[in-house]
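Have a look at it first, and then we can go through it together.

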Amino acid sequence: MARYLLDIGCDYGQGFGYAPALSAQEAEVYLNESYVDGAAPVKLRG
Amino acid sequence: MALGSKDRFVWDTMVTLEALGAAQVVLWTWDPHNDRLRLTGAARALGLSPLAPECASAAALALCLPQDRALMEGVLTVQEPGQEIMARVRMRGGETCIWRGEWLEEGGVRASGVIVPETRFAASEKDALTGLLDRRSFISQAREQLQINRNYTLVVADLDRLRRLNEALGHERADLVLSALGSRLAAAFPSDTLLARVGEDEFAALTNSDIERPAEVMRAALEQPLRIAGFDIVPTLSIGAVAAEGGVDAPEAAELLRRAELAVESAKTAGRGGAAAYGRALESDGLSRLAMESDLRGAIGRGEIVPYYQPVVRLRTGAIAGFEALARWRHPRRGLIPPDQFLPLCDEMGLLVELGAHMMRASALQLAEWRRAHRAAGEISVSVNLSVGEIDRPHLVRDLSELLAETGLPRGALKLEITESDIMRDPDQAAIILRKLREVGAGLALDDFGTGFSSLSYLTRLPFDTLKIDRYFVRTMGSNEGSAKIVRSVVNLGRDLSLEVVA
C-alpha cells in the first residue's frame, strides 16, 4: 500500500499499516526507534 | 470450638508480633458490659483507624456501610461462650473485612478475634456444586490476571431453561446437571484458565490469547447430551463474550464480567443457543449510560482523557514526520475507552469544546517536550482535531497564539485538523478564522477529505497546507477501484494546489 501511495505521489501515510495510536510513552519509544533505524518501525495494530 | 485451658497454644511474643504485623490484620476484643471494643494492629490499613485503639459499639455501627450494619450488630450481640463469630463487614473508606472470633469461656462476657481483609485471605473459595471458583473469587483472581499484558476474552455462558429443569427434575437432579457441566468445562480448558460458576446457571471463563475461539470451545464442551434420572437432556447455552487487553490500562474485572453478562442478555433475545459479543450498542441501557455520563463529567479535569499519538510517516524516506493526537479516556475502572464510546456523549453534554482545548494544550506541551529532548523529534509536527463547533470558540486564536508562545513551537509544528462539514456550516466565517489561525502560526489540515465537499473552489480560498484523505478510501483502495481512483485524484489535486497529502 505504501509503495502504491508513493508511486502516485502521496507524501505521507498514517494509520493503517504503520502503527496504532500510542500512549505518549510508547510514542517516545517509537520516536527513538525511528531515529536509530532511520525509518519508522511498523507496529502491529492493537 | 472453644479452647479449654489445657488446649492453649504457646505463643512466642516476637514471632507473633512480627507475623501479625506482616499479615496486616487487626486483633479485637469486645466487652459488652462496658461497651468497649478494643482494636490493635493494622487498623489504618483496614480502614478501622477511627475505631482504634478503642471505641463504643455505636461508633463501630456508625462507621459501617448501612447495608452491613445488621451484620455488625450480629458480631456485637452477646452469645453463649464458645459460639463462633463470622461476618463480612465493610467500613466507610475501607475494604471489606472478615471478622472472625469467638465468645470466650473465661474472664467474663467477652468476645475476641481477628479482622482480616477479605481480598487477601479469602481469594480462593470454590463453588461447592461444581468445584469451580465462585463469583467473588473469580473477580478477585481475574483482577490479578488482567494485570499481565496480554489479550484476554471473558466468556459467560448461561444455561437456558434452568428453571424448567428444576421443575421437571427437582433441584437435586438439576444440581447434577450443573455439576456435570462444571466438570465438562474444567476438562475443556487448560488448567490455568480461570473458570467459575458466577451465577445460579452461569459459567464464566477468562481465557488468554492462547485459546482460539473460547466461546465455541465452551459451547462445544457444554452442549453435549446428558442422561439424568432416565431423561436425555441436551443443554443449550446463551453465550456472551468480551475482549480486553491486560496491563496497566486493563478494565476492572467486575466491569468486564458485567459487560460479558450484558452480552449474554443480548444473546438471549436471539432465542435459545444464541451468542453475542459485547459492543457499544449494548451500553444503551439507561443506567449504564447514566453512570458513564456521571463519570465523564470532570474526567477532563481529573486528567483521565489523554492524547494518544498515531504516527504519520514520510513515505519517500520512511522517516517519522509527526503524529496525530487522538483522545482516549483512561477510565479508572473500565480501562482505556476508545473515542467512539465517549465522544458522542461529550457532544451531547456540551463538553466537546472543553475537550478540544484540553487536547490542544496537552499535545502542544508534549510536542515541545519531545522537540527539546530528542534529536529525532526536531522537525516533527503534531496535529490536533478541532472538535465540532470549536472553530467558533471565542478566543480560539488568542489561546492558540499564547500556547505557541508559551511552548516556543515554530510555525506549522502544531497542526489543526478541521473537517469539511465544520467549515461548510459558515464557510465565510470559517475562512476568516482559519486565516487568523494560520497567521499566528498554526498548520492547517483539511480532515476526512473526499466525503462530501460541496465546492472544490473552497480549497483554493482557504489557507490549508495539508489534505487528509478520508480513511475509508485508503482502507478500501486495494479492493475497490472507485476508492483507488478517488485516492489518486486527491493526490493529484493536492499536488496541483501545492498541498501535502496524508493517506
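## A cut-off to start with

A residue is called buried here when its relative accessible area is under 20%, exposed when that area is over 50%, and partly exposed in between. Please also keep in mind that this is a predicted model. With that cut-off, E255(B) counts as buried because its relative accessible area is 10%.

## Chain A

Chain A has 46 residues, and 46% of them are buried. Its secondary structure consists of two helices and one strand, arranged along the sequence as α-β-α.

## Where the two chains meet

How many residues of each chain are in contact with the other? On the chain A side there are 34, and they touch 43 residues of chain B. About 3,400 Å² is buried between chain A and chain B, with carbon and sulfur atoms giving 60% of that area. Within chain A, the residues that lose the most area to chain B are Y12(A), Q14(A) and L31(A), which together make up 25% of what that side buries.

Three elements of chain A each give two or more residues to the side that touches chain B: α1 (2–7), β1 (12–14) and α2 (24–37). The largest share comes from α2(A), with nine residues. Sorted by class, this side of chain A has 21 nonpolar, ten polar and three charged residues. Between the two chains, 15 residue pairs are in polar contact, both residues being at pLDDT 80 or more. As for salt bridges across the interface of chain A and chain B, the rule finds zero.

## A strand pairing across the chains

The strand of chain A also takes part in pairing with chain B. β1(A) pairs with β15 (residues 305–314) of chain B in the antiparallel sense, over three bridges. Y12(A) has R314(B) as its bridge partner in β15(B), while G13(A) stands opposite V313(B) in that strand.

Now for β15(B) itself, which is mostly covered, nine of its ten residues being buried. β15(B) is also joined by nine bridges to the antiparallel strand β16 (residues 320–331) of chain B. One of the pairs here is Y309(B) with its bridge partner A325(B) in β16(B). The hairpin of β15(B) and β16(B) has five residues between the strands, and in this hairpin G318(B) takes a positive phi near 80°.

## An open sheet in chain B

Chain B holds an open sheet of six strands with antiparallel pairing, in the order β3-β2-β1-β6-β5-β4. Its edge strands, each pairing on one side only, are β3 (54–55) and β4 (84–90) of chain B. Inside the order, β5 (residues 96–103) and β6 (residues 111–117) of chain B run antiparallel and are joined by seven bridges. G101(B) has G113(B) as its bridge partner in β6(B).

## A buried serine

Buried or exposed: which is S381(B)? With a relative accessible area of 16%, S381(B) is buried. This serine lies in strand β18 (residues 381–385) of chain B. Leaving aside neighbours within four places in sequence, the residues in contact with S381(B) include A321(B), G322(B), F323(B) and L367(B).

## Charged pairs and a network

Over all chains, the structure holds 25 salt bridges. R258(B) is partly exposed, with a relative accessible area of 26%, whereas E255(B) is buried at 10%.

Further along, a network of salt bridges links E390(B), R393(B), R398(B), D399(B) and E402(B). Within this group, E390(B) and R393(B) have their closest N and O atoms 3.5 Å apart. Both are buried, E390(B) at 0% relative accessibility and R393(B) with a relative accessible area of 14%. R398(B) and E402(B) meet at 3.9 Å, N to O, and they lie four residues apart in helix α13 (residues 396–407) of chain B, about one turn of the helix. This pair is partly exposed, with R398(B) at 44% and E402(B) at 48%.

How values were computed. Residues numbered from 1 in each chain as written. Chains lettered and ligands numbered in written order. Predicted model: local features only at pLDDT ≥ 70, side-chain atom pairs only at ≥ 80, totals over all residues. Heavy atoms only, no water. Contact = heavy atoms within 4.5 Å. Buried area = accessible area lost by both parts, 1.4 Å probe. Salt bridge = Lys/Arg side-chain N within 4 Å of Asp/Glu carboxyl O. Polar contact = N/O pair within 3.5 Å; in protein donor to acceptor, adjacent residues only side chain to side chain. Nonpolar A, V, L, I, M, F, W, Y, C, P; charged D, E, K, R; others polar. Pairing = 2+ DSSP bridges. Buried < 20%, exposed > 50% of the residue type's maximum accessible area, 1.4 Å probe, protein only.
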